[in-house]
Amino acid sequence: MRFNIKKVTACVCSLSMIAAAVTQNTGGEFNIFDEQKVFAFVDESGIKYNELNDGTLEIVEYNGEDSVLVIPDEIDGKRVISIGNYAFSGCGEITEIILPEGLTGIGEGAFDQCSGITEITIPEGVTSIEDSIFYDCSGLTEITLPGGIKSIGDYAFSGCSELTKITLPEGLTSIGEGSFFECSGITEMTLPEGLTSIGEGSFMGCSGITEIILPKGLTSIPYAAFSGCSGLTEITIPESVTSINFAAFDYVSSELKICGTEGSYAQKYAVNNNLKFEILSVTGDVDGNGIVSLADFIKLVEHMINPEVNINHNGSDMNSDGKIDSTDVIELKKFFLGC
């Protein structure tokens with residue numbers, strides 16, 4: 001798609017001379033030009049953009065009046081690959097925005113306070129959600145994230161109170177500070193297994209979430225991570241967590257129950273803070289010590305020979321059929337031998 005372009009003109013020679021003079025006067029440390037960009041242009045729809053040194057384009061501002069905005073894949077034959085910091089900040093009149101498939105980057109605060117946008121799909125080439133990108137987008141109800149997203153920045157969705165549907169990709173490894181602050185419309189969220197870090201206040205004020213399972217790679221729960229989650233009644237904390245901030249669960253439901261393995265840090269935290277704790281049974285944990293080992297297989301065989309041998313029934317029921325028999329022995333054997 002091609003557009004009629006209105007170039008924002010400037011006297012290149014004069015600016016070059018100014019830049020050279022400034023550089024000389026500051027010992028070569030200052031450059032009036034951004035090293036990645038040249039001059040700005042505006043297309044007929046009010047999209048302002050920069051041409052990067054490699055000939056691709058970055059959207060930097062919007063001065064139009066369209067409520068439905070389609071950002072083109074190309075302008076004048078040049079690919080649009082990024083949206084700059086705060087490019088659409090405060091554009092409350094936009095109700096729908098369609099991003100180009102070739103997009104690879106979206107800058108900090110790019111859509112902050114775009115209160116009219118209700119849903120948006122992020123293209124597959126984007127690998128990170130930057131800080132404050134959808135900050136205070138109070139009308140946003142649904143967002144589709146691509147599978148390649150590795151991180152979500154600080155306050156990325158903060159204040160998106162109407163957001164009800166978001167699926168976090170499997171490759172996500174970190175969630176920043178205050179990322180989902182006061183996203184009270186979210187009622188459920190599945191955290192991917194690869195997630196290893198959540199920031200302070202990351203889910204603070206998410207009053208609609210009732211239950212959440214933390215992934216096994218997580219090692220700490222920081223300050224105010226779930227503070228103000230008044231609807232939260234159950235959270236599963238893995239053995240990998242060895243640090244929980246004293247204020248991690250401030251102002252939550254009095255019915256909050258922490259689920260975890262016996263002897264875990266989560267259990268100690270629950271006891272020390274007068275919170276309910278439920279011991280989770282690990283499938284294959286016949287002796288109930290929270291670890292699955294060859295000793296469990298031996299103990300299950302002993303129990304089959306002599307039912308008087310005490311076992312952890314929940315952990316011994318390998319096929320979840322409610323009874324302990326030879327099929328559970330076979331399943332546990334497969335677990336160790338793979339056959």
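Biologist: Leaving aside neighbours within four places in sequence, which residues is Ile122 in contact with?

Modeller: Bear in mind that this is a predicted model. Ile122 is in contact with Leu99, Ile106, Phe134, Ile143, Thr144, Leu145 and Pro146, once neighbours within four places are set aside.

Biologist: Is Ile122 buried or exposed?

Modeller: Buried. Its relative accessibility is 3%, and the cut-off for buried is under 20%.

Biologist: Switching to charges. How many salt bridges does a search of the whole structure find?

Modeller: Six. One of them joins the side chains of Glu51 and Lys78, at 2.8 Å from N to O.

Biologist: Which parts does that pair tie together?

Modeller: Glu51 is in strand E3 (residues 47–52) and Lys78 is in strand E7 (residues 78–83), so the bridge ties together parts 27 residues apart in sequence. Lys78 is partly exposed, with a relative accessible area of 31%.

Biologist: What does Glu234 form a salt bridge with?

Modeller: Lys257. The closest N and O atoms are 3.5 Å apart. This pair also links distant parts of the chain: Glu234 belongs to strand E19 (residues 234–236) and Lys257 to strand E21 (residues 257–260), 23 residues apart.

Biologist: Are those two buried or partly exposed?

Modeller: Partly exposed. Glu234 has 22% relative accessibility, and Lys257 has 22% too.

Biologist: Which residues are linked with Glu234 in a network of salt bridges?

Modeller: Lys257 and Glu278.

Biologist: On to helix H5. What should its twelve residues span?

Modeller: The helix covers residues 326–337, and at 1.5 Å a residue it should span 16 Å. Its end C-alpha atoms are 16 Å apart, which agrees.

Biologist: Which residues of H5 are buried?

Modeller: Asp328, Val329 and Leu332. Seen down the axis, the buried residues of H5 fall within an arc of 105°, so they line one face of the helix.

Biologist: What do they pack against?

Modeller: Two helices: H3 (294–305) and H4 (313–316).

Biologist: Which side chain does Lys334 meet in a salt bridge?

Modeller: That of Glu331, at 3.6 Å from N to O. Lys334 and Glu331 are three residues apart in H5, which means about one helical turn separates them.

Biologist: How accessible are Lys334 and Glu331?

Modeller: Both are partly exposed. Lys334 has a relative accessible area of 39%. Glu331 has 32%.

Biologist: Last topic, the surface. Which residues make the nonpolar patch of about 230 Å²?

Modeller: Val68, Val70 and Ile98. Val70 lies in strand E5 (residues 68–70). Val70 is partly exposed, with a relative accessible area of 47%.

Methods:
Residues numbered from 1 in each chain as written. Predicted model: local features only at pLDDT ≥ 70, side-chain atom pairs only at ≥ 80, totals over all residues. Heavy atoms only, no water. Helix = DSSP H or I, 4+ residues; strand = E, 2+ residues; numbered from the N terminus. Expected span 1.5 Å × (residues − 1). Buried < 20%, exposed > 50% of the residue type's maximum accessible area, 1.4 Å probe, protein only. Arc of directions from axis to C-beta. Contact = heavy atoms within 4.5 Å. Patch = residues over 30% accessible without salt bridge, like charges linked within 9 Å, V, L, I, M, F, W, Y side chains within 5 Å. Areas by Shrake-Rupley, 256 points an atom, 1.4 Å probe, with all protein chains shown as cover. Salt bridge = Lys/Arg side-chain N within 4 Å of Asp/Glu carboxyl O.
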